[in-house]
Amino acid sequence: MANTLHEPRVADTLRRMYAEAQEQMATLRERPPNMSGARSVQERADAMSEFYIPVTPESGRLLYSLVRATKPATIVEFGMSFGISALHLASAVRDNGTGQVITTEISQPKIAAAKQTFADTGLDDLITVLEGDALSTLAELDGPVDFVLLDGWKELYLPVIELLEPKLSPGTLVVADNTESPDTRPYLDYVHGAESGYVSFNFAVRDSDSMELSCYAGT
């Protein structure tokens, strides 16, 4: 059975990207960029334009497995960065034989680099990049949406899901990364609410962080 993650050009690209991300960690610790909430989304994106903000390899494989299992027609990702998670999502779409990935990013350097990566791995035909503020670009998105990955600025998780919610198909799986961040609390309170229409649970993906998986059952 095909597994695009094991194809040399995809596997080699992911290994390179994860190695580069690991090398950057020392720089981030030594001179962390100013990510104050007082700065605009664009200013924070510019400050992080050279840095990977990737899902872990384990989280990437989880995303691949979830997409293979659920076979969504339309996947929406909030927060592409350099495209590591999009590669996992698109690999699953390729192996399912159907579907598309729509991803969002505001950093122009990251958009340019990711588009080249998608072309180099042969997955660019499955990925559409919406360039700019996701709250604007996603507002123009046609539904339905069958799978959502939230992995951008954490305080925007709730506004993004509220924007997408009218377009969600019953049973849509929403995966939110880095949910130990205090900025995700409004989002977590929302999906945990009895009236929200979600069945939601949290699990650890590394020692200090977690993901939230929420199934949209409808209201």
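Predicted model: local features only at pLDDT ≥ 70, side-chain atom pairs only at ≥ 80, totals over all residues.

Q: Where does T4 lie relative to α1?
A: Helices are DSSP runs of H or I with at least four residues, numbered from the N terminus. T4 belongs to the segment that precedes α1 (8-30).

Q: Is T4 buried or exposed?
A: A residue is buried under 20% relative accessible area, exposed over 50%, and partly exposed in between (1.4 Å probe, protein chains only). T4 has a relative accessible area of 3%, and is therefore buried.

Q: Which residues is T4 in contact with, leaving aside its neighbours within four places in sequence?
A: Contact means heavy atoms within 4.5 Å. With those neighbours set aside, T4 is in contact with V10, Y64, S91, R94, D95 and L123.

Q: With which side chain does the side chain of T4 make a polar contact?
A: A polar contact is a pair of N or O atoms within 3.5 Å; within protein, one must be able to donate a hydrogen and the other to accept it, and residues adjacent in sequence count only if both atoms are side-chain atoms. The partner of T4 is the side chain of D95, at 2.5 Å.

Q: How many salt bridges does a search of the whole structure find?
A: A salt bridge places a side-chain nitrogen of Lys or Arg within 4 Å of a carboxyl oxygen of Asp or Glu. The search finds seven. One of them joins R15 and D12, with the closest N and O atoms 2.3 Å apart. Both residues lie in helix α1, three residues apart, about one turn of the helix. R15 is exposed at 53% relative accessibility, whereas D12 is partly exposed at 42%.

Q: What separates E20 and R16 in helix α1?
A: E20 and R16 are four residues apart in this helix, so about one helical turn separates them. Their salt bridge has its closest N and O atoms 3.3 Å apart. E20 is partly exposed at 27%, and R16 is partly exposed at 38%.

Q: Are D151 and K154 buried or exposed?
A: D151 is buried, with a relative accessible area of 9%, and K154 counts as buried at 15%. Their side chains meet in a salt bridge of 3.4 Å, N to O.

Notes:
Residues numbered from 1 in each chain as written. Heavy atoms only, no water. Helix = DSSP H or I, 4+ residues; strand = E, 2+ residues; numbered from the N terminus.
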